[in-house]
Every structure is written in C-alpha cells, then in structure tokens.
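Dear colleague,

I am handing over a structure to you with this email, and my notes on it follow below. Please read them alongside the sequence and the coordinates.

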Amino acid sequence: MEEEASGSRSEAAQAPRSPSGVAEEEEEVSPREWSEAQFRHYGFATRPIARLRHGDPRAEELLEKEEPVVLTDTNLVFPALKWDLDYLHDNIGSGDFSVYRASTHKFLYYDEKKMANVKNFKPKSSREEMKFRDFMAQLQEIEQQGSGERLYLQQTLNDTVGRKIVVDFLGFNWNWIKRQQMKRGWGQLTSNLLLIGMEGNVTPAHYDEQQNFFAQIKGYKRCILFSPDQFECLYPYPVHHPCDRQSQVS
C-alpha cells in the first residue's frame, strides 16, 4: 500500500484483515472523484473503486467477492470525526506512542525482529517512543523550520488511552462490522491502529496480512490497489527479510 498524505491527519484502522492484493495510497489536498485520466502517469490501466453507502446491496456484493469498496457513511465512525490534533492532545492519555522518523517522504516498513536476518541492513526510517505532546511539538518544529524531516505516528489503541477516546471508539458502528465478520469468516478483531502522518508521506507498495476496515478521519488519501494475480509482478522482498510484505520496486 502506498500512501501520500496532505496535511496532518488522523486515521483509525481496524483489523480483521487478510492479503487481498497490494495497494498503493496517495493523499490529495481536496476530495474529488478520481478519473482514469488522473492515473495515467502511473503507466498502467486502472478502474475506479465504487463509492457506496454501507447499506447498499452492491457494497455487500463487493465484500462477498473480496473486492475493495469505499464506504461513504461517516456514521460508521461518527464519534471520531472530532479527532483533530488538539482533541487527541487533550484526551489521548499519557502513554507512549511509536513515531517513525525519516529524511524522505517514503516510509518503507520493516520488521525490527528480522533485521538480524540481513547483513548490513540499514532501515531508511527510525522508530522512537514518545508522548503525544512531544510528537505534536516536534511536528510544529519541523513545519516551522522546514527541515525536510518527516514523522509518522503509528500506534495501537490500548489501555493507556484516555476515557473519552475509549468512549468514542466504542461508539463506532461495531454491529455492522461484526456482521461482516460473521458473514465472511474474518475471525476476531486483532488490532486497532491510530495513524497520523504529515503532508506528502508515502507508504510504498505492500500487502497486509488480514482484512482492513480503514477510516480516513482527517485529510485525504489516494489508494491504488493491485490485484492478487499481479503479486509476482510487484517483486515482494523474500520472506524473513525485514521488509517482507513490501515491494522491492517503486
């Protein structure tokens, strides 16, 4: 998945997930309907992803076929629509957050536990643990100085978050999500991630291991999904490599 963000934003991603193809994501400054012409610079044929309400029978059909769909109903995650940086600062709690730091706009994922498997492996980003207030302060400093350095917060929502965040999270439309779990045999929820990136951040092409329910709460994102039958053409890193599940090519 490749993602490019426009403006600091917060996202909530919930699993269950499974590998349903490799995706590339990119965010834009303003919302719009994507057209074929806007993708021509990628050099491959594309088709738009359907945008439907979650109750639309066509959305159910796409989910049944394991096809991607954009659900336009903000009421699925309505309590989180107020999750801007100020609200999170005041309510997220005093726990530590994982923040990735890079000197470029591309954040190539890597598994720290597998770094010993590859001699002289040097990741292009580093991970730090910090309080949310420190993350915000560093964001502001980077934006003021224009240093070119980039940050990307990726943190599991756990028992360290504040009560208001928990209440908001419990207010998501979990009944609909649980129905999809039961119908599709997705298994239990495994992780709840909060992602906050800077404008222009890119996550290079990769695949996730489970189904994703992804909520874009602030800012805008463009996602490009590659069919599973194109897997070999995307040249993933070998299994056991720190960057496995990532593409070796741009």
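His206 is buried, with a relative accessible area of 3%, where buried stands for under 20% relative accessible area, exposed for over 50%, and partly exposed for what lies in between (1.4 Å probe, protein chains only). Please keep in mind that this is a predicted model, in which local features need pLDDT of at least 70 and side-chain atom pairs count only at pLDDT 80 or more, while totals for chains, interfaces and linings use all residues. Residues are numbered from 1 along each chain as its sequence is written, and side-chain values use heavy atoms, with hydrogens and water left out.

His206 sits in the loop that joins β8 (192-197) to β9 (213-216); helices (H or I, at least four residues) and strands (E, at least two) are DSSP runs, numbered from the N terminus. The side chain of His206 makes a polar contact with the side chain of Asp208, at 3.4 Å, and a polar atom of the His206 side chain also lies 3.1 Å from the backbone oxygen of Pro204. A polar contact here is a pair of N or O atoms within 3.5 Å; within protein, one must be able to donate a hydrogen and the other to accept it, and residues adjacent in sequence count only if both atoms are side-chain atoms.

The helix α1 (57-64) is the next topic. Its buried residues are Ala59, Leu62 and Leu63, and, seen down the axis of α1, these fall within an arc of 100 degrees, so they line one face of the helix; the arc is that of the directions from the helix axis to the C-beta atoms. The buried residues of α1 pack against β3 (51-52), β4 and α5 (174-184), with contact meaning heavy atoms within 4.5 Å. On the other side of α1, Pro57 and Glu64 are exposed. At the start of α1, a side-chain oxygen of Asp56 comes to within 2.8 Å of the backbone nitrogen of Arg58.

Two residues deserve a look for their backbone angles. Glu66, which follows just after α1, takes a positive phi of about 60 degrees although it is not a glycine; Glu66 belongs to the loop between α1 and β4 (70-71) and, at 52% relative accessibility, counts as exposed. His240, likewise not a glycine, has a positive phi of about 80 degrees; His240 lies in the segment after β10 (222-226) and counts as exposed at 53% relative accessibility.

With kind regards
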